[in-house]
Amino acid sequence: MASVAKKGMHLNKMLDVLASRAGLLSVAALLFGMSLATALYLQNVVDQIDADQAHFKDAQIRNGYVAISDINRLVFVAQNAAQSDEMTPELAADFANAADILWVRTDNFATVRDRGAYYASGDESIAALSWIVDIADQALAEGFPDRRKLVTDLLDAGEVARVNLVMFLDELRRAGDLVLDQQLSIVRKQQLLMLFALTGLTSIGIIALSLLRREVLGRRAREEAEQRVEFLAFFDPLTELPNRVQFQDRLDEMLTSRSSTALLFIDLDEFKIVNDTYGHAAGDLVLQRIASIISGHAAPHRGVASRLSGDEFALALPIGDLDKLLGICEAILSEVRMPLEYEDQRLELSVSIGLAVSSQLQIEEVTTGEGLSRVTDFALYASKRNGRNRVTVYDHALEAQFRERRAMLDELPEAILSGKIEAYLQPKVYLEDGSTFGFEALARWPRDGRVVSPVEFISLAEESGQVVDIDRHILRRATQVIQDWNELHGTDFSVSVNLSAINLGSRRIVEWVEQALWASELPPRNLTLEITETTELREWGPASEIIRDLRNLGCKIAIDDFGSGYSSLAYLLSMQADELKIDKSLMDKVETSQEARMLLASVTEIARNLDLNVTAEGIETQQQNLIARQIGVAQGQGYLFGKPLPPADALGATLTDELAMESVAIKSAAR
């Protein structure tokens, strides 16, 4: 064992020496010397082979076979003249040309022979060729007096020449084989020496190259890995901008060392549409362009730009002048709006910007990068909420909203847990007679003496992930309330419940719906699950399976707010819905816009062909009601028929409506 260890130590030392620069140079010199010696030896062998084969160049063999072809050509011309009994000028020219070529071939053949290839058959071949040339020259000189005799003479001489040429060429081949055998013997004698030399060279080369490869590639890999890790730790690989980690550090430094720091959050509008329509390559190009624009405004002011996440960027500037900052924001908006060419397509882009300046804010949060980021993000949210493609400055008005929003976010978990989030009901009616057939359950939050609209708190719940709990609470409450009313009054009202897109990412929603139906005993046919048409689904495959399972429970599926987002026929087909709800934004325009009425009619016709029930949302006037009925919309919902109310009030109103309808019927009968 000690001997083996000692040998291993010696081997490691040797490898260490070879891996050094001096070792590599030594190995390289040794390989070069051995290669040079081998090359010189092989060159000597090659020179000997060249000397032995000098007399057997393929020129002789080639000349022999070509000469036979020339003889055949000469005879062929003479035969044509004999058969036609006329030597035309064209035939005479061909004959003379063939004779000249054969003469040149004979002369070259004799010259090659005289250089060392002395064979009797070679002399006889040259003599026969010369005989044919003489016959041809004589015929040319005499003007071809006897063409038949010419053919006979040429055939006789040609046969002699062919026989001798074949014999001569065969002797040359045999001589060449003999030379090759001799050369092969020489090569075999040197084979063992060459084998040892090449084996040594190969072994040394493998060792040297392995050591060199291990050393060079190992060092290069370490350097590249270190550079890559360092880059990824502080930069975004796509845009090469500082990432969130480095940006936050730089922002904290600016807040500490500068009297005023401005922070811009820049979010690309509708970026998902770009990816879905043109592909991720186009999306990457868009992100790189936005990064270039933003970094172009950072450098002149010694600011720092960053890509924070997918399509969200940030720009920190040591500037306190609000007018100057607004000018920079407008410049960014303008530059982004310039069309981007991509594969013969013009991409129309826009961004939303949130702006906050540390020196103009009094709240404590802005003393840190995290705090300033929080209020800037709220300004960005306001820009997107107010129509996008704009800049919003975080000021005192937004500060009040921000504080209110934070308070709501803090209270939301307890409100959900304690049941303070209530399920209000809004009636859904048949437009033909205004009778109520069901209700939509809408989340409302009574807080501080007012009812908070879902517009205010649902987005908070989505951001915090608590919207799932709200949906589950409303689902259980609405199904129970409707079923209790139906059992008490013998009615058969249905109820619609909204589902957030987050629910379609998990199969838990199927279990929750099944549990709500079991607990309330509401027939599944009386439950409609509304999926907002503006919902952005990352994975449509799993979502479609969840929708299929919900339908298998017996529930109905409705596409809510159709016309306000990603409207498409493909969406209608893939959803396999039962009901299509026209968004209020379209109904608001039907009284004044012919285009809106045409669009409503088209959507209604398409829905009818797909066997979908159509419900018009947001009907607030009798004129809207009349237009919807004339177009063929069967169902409606809106303030004209009833606002969202607590369940007791909303359901109680149906009793009043029934009494009123009975009274009208009695009076009509009396008349």
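Select glutamate 440 first: this residue is buried, with a relative accessible area of 4% (buried means under 20% relative accessible area, exposed over 50%, and partly exposed in between, with a 1.4 Å probe and protein chains only). The model is predicted, so that local features need pLDDT of at least 70 and side-chain atom pairs count only at pLDDT 80 or more, while totals for chains, interfaces and linings use all residues. Residues are numbered from 1 along each chain as its sequence is written, and side-chain values use heavy atoms, with hydrogens and water left out.

Glutamate 440 forms a salt bridge with lysine 581, and their closest N and O atoms are 2.9 Å apart (a salt bridge is a side-chain nitrogen of Lys or Arg within 4 Å of a carboxyl oxygen of Asp or Glu). This pair links distant parts of the chain, 141 residues apart: glutamate 440 lies in strand β9 (residues 436-447) and lysine 581 in strand β14 (residues 579-582). Helices (H or I, at least four residues) and strands (E, at least two) are DSSP runs, numbered from the N terminus. Lysine 581 is also buried, with a relative accessible area of 0%.

The structure holds 20 salt bridges.

Move to arginine 548 and aspartate 549, which form a salt bridge with closest N and O atoms 3.6 Å apart. Arginine 548 counts as partly exposed at 43% relative accessibility, whereas aspartate 549 counts as buried at 14%.

Now select helix α11 (residues 369-385), which contains both glutamate 370 and arginine 374, 4 residues apart, or about one turn of the helix. These two residues form a salt bridge, the closest N and O atoms being 3.4 Å apart. Glutamate 370 is exposed, at 56% relative accessible area, and arginine 374 is partly exposed, at 30%.

Finally, display helices α9 (residues 280-298) and α10 (residues 322-337), whose axes come within 10 Å and cross at roughly 155°. Axes are lines fitted to C-alpha atoms, for helices over the stretch in contact, and angles run from 0 to 180 degrees between N-to-C directions. The two helices, α9 and α10, are therefore roughly antiparallel to each other (a term for angles over 145 degrees). To see where they meet, select Arg289, Ile290, Ile293 and His297 in α9, which contact Ile328, Ala331, Ile332, Glu335 and Val336 in α10 (contact means heavy atoms within 4.5 Å).

Terms used. Angles under 35 degrees count as roughly parallel, over 145 as roughly antiparallel, 65 to 115 as roughly perpendicular and the rest as oblique.
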